[in-house]
Amino acid sequence: MVEESEHTPAPATGESLLDKIADKLHGHDSSSSSDSDSEKKESSSIKDKVFRLFGREKPVHSVLGGGKPADVLLWRNKKISASVLSVATAVWIFFELLEYHLLTLVGHILILLLAVLFLWSNAHTFIHKAPPRIPVVHLPEEPFLQFASALTIEINRGFAALHAIGSGRDLKTFLVVIVGTWILSIVGSWVNFMTLFYIVFVLLHTVPVLYDKYEDKIDPLAEKALIEFKKQYAVFDEKVLSKIPKGPLKYKKLA
């Protein structure tokens, strides 16, 4: 009886040891799973902090406004994008290379339309048929009013931006606008407005789609260029801009 009483607690200790080992294993698994979760969160946060050009946080399609215009610029529908670019190229060739003038083109189109309508209206007397019903073209006022309202808002924003830049509050923005306007004036002296407009149109149909395709390679290069630009601007700011007096000058009153 004494031996049985002495040997009875042994299984409990064995079970407790097994439970402790199992708890440690479960604790290790939970810690490893938590570590993997934390690593996943860190990796996702690192991916979220990847440098994007112009500080964008949305896809290129959303930055361009989405919808059909963005689809055309990003060549989501290749037939429509190619046709738009082809029409723009044809217009540029027509006016620049062939030196066809806008007023001449409008006049010739009106002459052709009037001649076709006149012949079409009077041909029924020769072929003994009912006269054709020529539709009356009527343009609605609402789209033009909306366009004029949107254009007025954008023009007022431009005037407000020019006023803010010219007030001298932000010297960096002032210098960027001056340099950009100067570059634009140089480019304008090289080519006329139609060619410049066509170049911008072609860039809008090529640069966004190339960036959308190779953004993972372009963004690191843009980050390096931006860092180098900030270094050079810091040196320029320290040597030049910091020495320029800011704000209105205060004149002392003479006694």
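This is a predicted model: local features need pLDDT of at least 70, side-chain atom pairs count only at pLDDT 80 or more; totals for chains, interfaces and linings use all residues.
Residues 39–48 keep a pLDDT under 50, and the model gives them zero contacts beyond four places in sequence. Across the chain, the mean pLDDT is 75, with 71% of residues at 70 or more.

**Where confidence sits**

**How α5 and α10 pack**
- Two packed helices are described by the angle between their axes and the distance between the axes.
- Here, the axes of α5 (residues 78–97) and α10 (residues 193–204) come within 10 Å of each other, crossing at roughly 165 degrees.
- Because angles over 145 count that way, α5 is roughly antiparallel to α10.
- The crossing of α5 past α10 is left-handed.
- On the α5 side, the contact is made by V84, L85, A88, T89, W92 and E96.
- Facing them from α10 are M194, T195, Y198, F201 and V202.
- Sorted by type, the residues of this α5–α10 contact come out as eight nonpolar, two polar and one charged.

**The salt bridge**
- Side chains of opposite charge can pair when their charged atoms come close.
- The model has a count of one salt bridge.
- It joins the side chains of R157 and E154, at 3.5 Å from N to O.
- Both partners belong to helix α8 (residues 141–166), and because R157 and E154 are three residues apart there, about one helical turn separates them.

Notes: Residues are numbered from 1 along each chain as its sequence is written. Side-chain values use heavy atoms; hydrogens and water are left out. Axes are lines fitted to C-alpha atoms, for helices over the stretch in contact, and angles run from 0 to 180 degrees between N-to-C directions. Helices (H or I, at least four residues) and strands (E, at least two) are DSSP runs, numbered from the N terminus. Angles under 35 degrees count as roughly parallel, over 145 as roughly antiparallel, 65 to 115 as roughly perpendicular and the rest as oblique. A crossing is left-handed if the near helix is turned anticlockwise from the far one by less than a right angle, and right-handed if clockwise. Contact means heavy atoms within 4.5 Å. Ala, Val, Leu, Ile, Met, Phe, Trp, Tyr, Cys and Pro count as nonpolar, Asp, Glu, Lys and Arg as charged, and the others, Gly among them, as polar. pLDDT is the predictor's confidence in each residue, from 0 to 100. A salt bridge is a side-chain nitrogen of Lys or Arg within 4 Å of a carboxyl oxygen of Asp or Glu.
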